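Biologist: Hi! Could you walk me through this model while I have it open?
Modeller: Happy to, let's start with the sheet.

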Amino acid sequence: MHWNYFLSLEADLGHLSRYIEFNAHNFNTYSLQLARLLMAAVQEVDVVFKELCKVYMPSATPKSYPEYKEILLGYSENISNMRVWMPRHGLELRPWEYWGEEINVPPLWWTANNKVKHDRATRFDHANLKNVLNAIAGLMVVNILLYRNDTVHPIPTLFSPRNYPLP
């Protein structure tokens, strides 16, 4: 179920690549479609985090990013080193780059989502390509952690794990 949601977001992102060239020069490009993808991806990361916490610590009932991170750090501390490659666009992303650092500091794309969600009138520019690419890449990583012992199909079309295998 979660993998299919990721694939759906990835397909929507693929359609968007017909209108926005995915490269560093366009990372600050923002739009309504990018805002929609950002919010959908971050909400799904939140859902998958809850599932991962159930797997790792069934008695826990985390409700926020710091609580998820505290539980998951003991089981997935290597997450900060996980890279996601976008071969078609020549991009390498590290969506969880600061995972091992300060517990209450979420990834930039997570914070961007909150800014867009709560203050869209003045923070809409945070719904940009860079944040969306990293949010969807981050979603792929947490899905891979969730489905670690299962096979996921089909494989992604835009994203590829860089230094760890698909289950």
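Biologist: What is the strand order in the open sheet of three strands?
Modeller: The order is β2-β1-β3, and the pairing is antiparallel. Helices (H or I, at least four residues) and strands (E, at least two) are DSSP runs numbered from the N terminus, and two strands pair if DSSP finds at least two bridges between them. This is a predicted model, where local features need pLDDT of at least 70 and side-chain atom pairs count only at pLDDT 80 or more, while totals for chains, interfaces and linings use all residues. Residues are numbered from 1 along each chain as its sequence is written, and side-chain values use heavy atoms, leaving out hydrogens and water.

Biologist: Which strands stand at the edges?
Modeller: β2 (91-93) and β3 (160-161) do; each has a single partner strand, so one side of each is left without a neighbour in the sheet.

Biologist: And how many bridges link β1 and β3?
Modeller: Two bridges, with β1 covering residues 84-86. In β3, S160 is the bridge partner of W85.

Biologist: Switching to helices, which residues of α4 are buried?
Modeller: W109, W110, A112, N113 and V116 are. They lie on the same side of α4, because they cover an arc of only 160° around the axis; that arc is taken from the directions from the helix axis to the C-beta atoms. Buried means under 20% relative accessible area, exposed over 50% and partly exposed in between, with a 1.4 Å probe and protein chains only.

Biologist: What does the face turned away from that side carry?
Modeller: The exposed residues L108 and H118.

Biologist: What do the buried residues of α4 pack against?
Modeller: They pack against α2, α3, α5 (120-123) and α6. Contact here means heavy atoms within 4.5 Å. As for α3 (residues 65-76), its buried residues are Y65, Y68, K69, I71, L72 and S76, and their cover includes α2 (32-56), α4 (108-118) and α6.

Biologist: Now N143: where is it, and is it buried or exposed?
Modeller: N143 is in helix α6 (residues 129-146), and it is buried, with a relative accessible area of 0%.

Biologist: Which backbone nitrogen does the side chain of N143 reach?
Modeller: That of W3, at 3.4 Å. A polar contact is a pair of N or O atoms within 3.5 Å; within protein, one must be able to donate a hydrogen and the other to accept it, and residues adjacent in sequence count only if both atoms are side-chain atoms. Not counting residues up to four places away in sequence, N143 touches H2, W3, F6 and V48.

Biologist: What about L133, which residues is it in contact with?
Modeller: Leaving aside neighbours within four places in sequence, L133 is in contact with L13, F22, F27, M86, L91, L93 and F159. L133 also sits in helix α6 and is buried at 0% relative accessible area.

Biologist: Last topic: what volume does the largest pocket have?
Modeller: About 240 Å³. Its lining includes R94, W96, P107, W109 and K130, and α6 gives the most to that lining, with three residues.

Biologist: How is a pocket defined?
Modeller: On a 1 Å grid over the protein atoms alone, it is an open set of points where a 1.4 Å probe fits, with protein on both sides within 12 Å along at least five of seven lines; lining residues have an atom within 4 Å of a point. Grid points are joined across faces, edges and corners, and the volume is the space filled by probe spheres set on the points.

Biologist: And where does P107 lie?
Modeller: In the loop between β2 and α4. P107 counts as buried at 8% relative accessibility.
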